[in-house]
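I opened this notebook to record what I looked up, entry by entry, in the model shown below.

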Protein chains: 2
Amino acid sequence: MSSMSTLAQKTPHVLVIGGGFAGLWATRALRRAPVRITLIDRANHHVFQPLLYQVATAGLSAPNIAAPLRHILRRQKNVTVLLGEVANIEPAAKRVRLADGRILDFDLLVLATGATHAYFGHDDWAPHAPGLKTLDDALEIRRRLLTAFERAEATDDPEERAAWLRFAIVGAGPTGVELAGTLAEIARHTLHGEFRRADPRRAEVLLLEAGPRVLPCFPEDLSERAREQLRKLGVDVRTGAPVAAIDADGATLRGANGVETRIAARTVLWAAGVAASPLARDLGATLDRAGRVRTNADLSVPEHPHVFVAGDLASIDSGGKPVPGVAPAAKQMGRHVARAILARLRGEPAPEFRYRDDGQLATIGRMAAVVEMHGVKLSGLLAWWLWLSAHVFFLIGFRNRLVVLIDWAQAYWSYQRSARIILGA
Amino acid sequence: MSSMSTLAQKTPHVLVIGGGFAGLWATRALRRAPVRITLIDRANHHVFQPLLYQVATAGLSAPNIAAPLRHILRRQKNVTVLLGEVANIEPAAKRVRLADGRILDFDLLVLATGATHAYFGHDDWAPHAPGLKTLDDALEIRRRLLTAFERAEATDDPEERAAWLRFAIVGAGPTGVELAGTLAEIARHTLHGEFRRADPRRAEVLLLEAGPRVLPCFPEDLSERAREQLRKLGVDVRTGAPVAAIDADGATLRGANGVETRIAARTVLWAAGVAASPLARDLGATLDRAGRVRTNADLSVPEHPHVFVAGDLASIDSGGKPVPGVAPAAKQMGRHVARAILARLRGEPAPEFRYRDDGQLATIGRMAAVVEMHGVKLSGLLAWWLWLSAHVFFLIGFRNRLVVLIDWAQAYWSYQRSARIILGA
């Protein structure tokens, strides 16, 4: 470390924590900056998060949607990539401590560790209802989904079989909707004819939402159309149905009248809530209700001007509205932090972050999606093609879009899914 | 089970344990037989074993070389596929007990559970030197290989860095040779330029072999050529070097003169020994030194004529020579067991198993392989093309050869590997 500290006297050391969209885009935007960058992440790879649900539902393999961070950044010589977990941040002392005891000093910090699942104070639900944030999460969900059908085939007890064929997905945001729609398609089409005792078409997919509608981030009429498309795919959508309990045998819903409904489902997936990464607390800054850091207009932290926050961890308004926790916003924030750092180094005032809202897309299943873009609203097949093109286009940035397209085309024509492999059983 | 037992009175129930080459080929060859088949395996998938080392070395993703057993067999209506682990076999009572307590009855049994790693009585070596038999093994080895380079980058201690960059592979059969050759290529080419503090080109790959030469199953001159090709790839081959100890920090070799040599390597891989699946013992049959079942000429077990053994678990001679534990032999045995069962059902004498030796191929690395085929010996580029064609051809049988070819072509031209993703860390 000694040699690095000496260097730091001359060239400012920017430490970026997190290799998601925000951290990676900030790092890349600093490629010509007179700084030395260290990018640290718990994983050795960047994940294309919008397609995680495809890995969870056995349509794509994990390497299809991920690329090693150090490979992406191999030509950017001012970056050192480190695999490691940050245990705590000391913003005043300008250093972080890693879980393995290593200490890293910094001159400027970019905190981009995003969000994690939150069970609203019910951490005991976690083992029974995994969420979807990392590739390991996706493989765990894939294992549970595929194993459930196997267990349904193995048992002779009709009630047990029904419980193995009942899937409850908690939360009807984009992730919940994607999981539910795809799972319904798998049960109806992909697995059809491959079992001798259980009938996958009898699987029930329940999408449980505490609020009044699915995809609450979309306009009401698109929510309505999404719900209709889910119904056609065979998903049982239940809105106004907050979950009161989750255990190994299913979930309990609390109805408006206080009456509880029990859902006997051996597989429950969590897509209901996220909370900011706990590292945010180390900053001693103002946090919002979700634990995100309230930042200045330039994304720096009021209490520590040499610390910037970007991505899902940042709580900021733009144009009078809160910036949503979506991939395009994270990329824009990442790039903005780089601009703010450059301005700072030049002694100029940092620009204000403004979110450019290019609309939103959510896929529901085969040929079903909703899109809202600069006032235009679409649903159904056209929206699905738009969603597909956008995702393949953005995946292009790093690798193997051809392989993903082949897997996709195969899935589309044959209803088959190329990654129905149970790992880590 | 009651309904199944009734059925069994009419249609003989063939239980196949193991969905590898032997079990799967036996099952498929019984597709028109008047039998009811249950195929049970611990995994939900068949693995194309010859390419496992590619998953371990991050060239292919796990789903690329595997397919769900029930998908492969979906149209064969006389088969029920079950996911489950057999705990023990009662050959006289004609039933098996699963690890979860379930009991399966059979009329005829095909035992095709293959081989597993063997540490020659040193089971304490297992956690420090994983072997390569399943997809989970391959992902564990991938995780260790990729993590080793990350740890080398993270440390400031030159000795520790060298130990993280030193890889010892124990056993110079085909698997050891493939792993060593590919790993040397990764260190020299794939990772080059992606690290800032460690230099992957300084990695040392040691191939440790107790016997006098590499690829002992090949003729001596091909062994010599393989050794030369390994040397060119940068592998340090040490023959006559039996391993005396393995721990978390490396391996100890015992030299011919009794002098011990210590190899400080944080990554040790085991490709030295296999032993028959322990289920063989339940048969109460004669086992050979490796624990394999001595079978009759028709692959049935002398002590239990209604039990057949096929694949790596069977110990049998053909043409005066022992049949080797290779994929083509397993497929041939699987098909033969099906023929023997059909003959048995017709009351005819079962034919004798004869192994058709179509030669052997082993790959060493990029454009390097050795081939022996009906007396013809090849090495180098031509052998490599033959190896590649044969493997893609046999993979064709079930899926995604196009995707594998694309990944391969990409790896060939760019030296890149498409699956450098650490999972399950």
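**Domains of chain A**

I began with the C-alpha centres of domain 1 and domain 2 of chain A, which lie 36 Å apart. The assignment gives domain 1 as 2-42 + 84-117 + 275-345 and domain 2 as 126-272, with bounds that come from an automatic or database domain assignment.

I note that this is a predicted model, in which local features need pLDDT of at least 70 and side-chain atom pairs count only at pLDDT 80 or more, while totals for chains, interfaces and linings use all residues. Residues are numbered from 1 along each chain as its sequence is written, and chains are lettered from A and ligands numbered from 1 in the order in which they are written.

**The six-stranded sheet**

I looked up the strand order of an open sheet of six strands in chain A and found S5-S2-S1-S9-S21-S20, with mixed pairing (strands, E, of at least two residues, and helices, H or I, of at least four, are DSSP runs numbered from the N terminus; two strands pair if DSSP finds at least two bridges between them). Strand S5 (79-83) and strand S20 (300-301) of chain A each have a single partner strand, so one side of each is left without a neighbour in the sheet. Strand S2 (residues 36-41) of chain A pairs with S5(A) in the parallel sense over five bridges, and Ile40(A) stands opposite Leu82(A) in S5(A). Helix H2 (residues 21-29) of chain A packs on this sheet, touching S1, S2, S5 and S9 of chain A, and its direction makes about 155 degrees with that of S1(A) (contact means C-beta atoms, placed from the backbone, within 7 Å; axes are lines fitted to C-alpha atoms, for helices over the stretch in contact, with angles from 0 to 180 degrees between N-to-C directions).

**The contact of chains A and B**

I then turned to the contact, which takes 40 residues from chain A and 40 residues from chain B. On the side of chain A that touches chain B, H5(A) gives the most, with seven residues.

I also checked how the copies are related: a rotation of 180 degrees with 0.0 Å of shift along its axis superposes chain A on chain B, with RMSD 0.0 Å (least squares on the C-alpha atoms of residues with pLDDT of at least 70 in both). The two copies are thus related as by a two-fold rotation axis. Of the residues of chain A, Val403(A) comes closest to this axis, at 3.0 Å (C-alpha).

Terms used: Contact = placed C-beta atoms within 7 Å.
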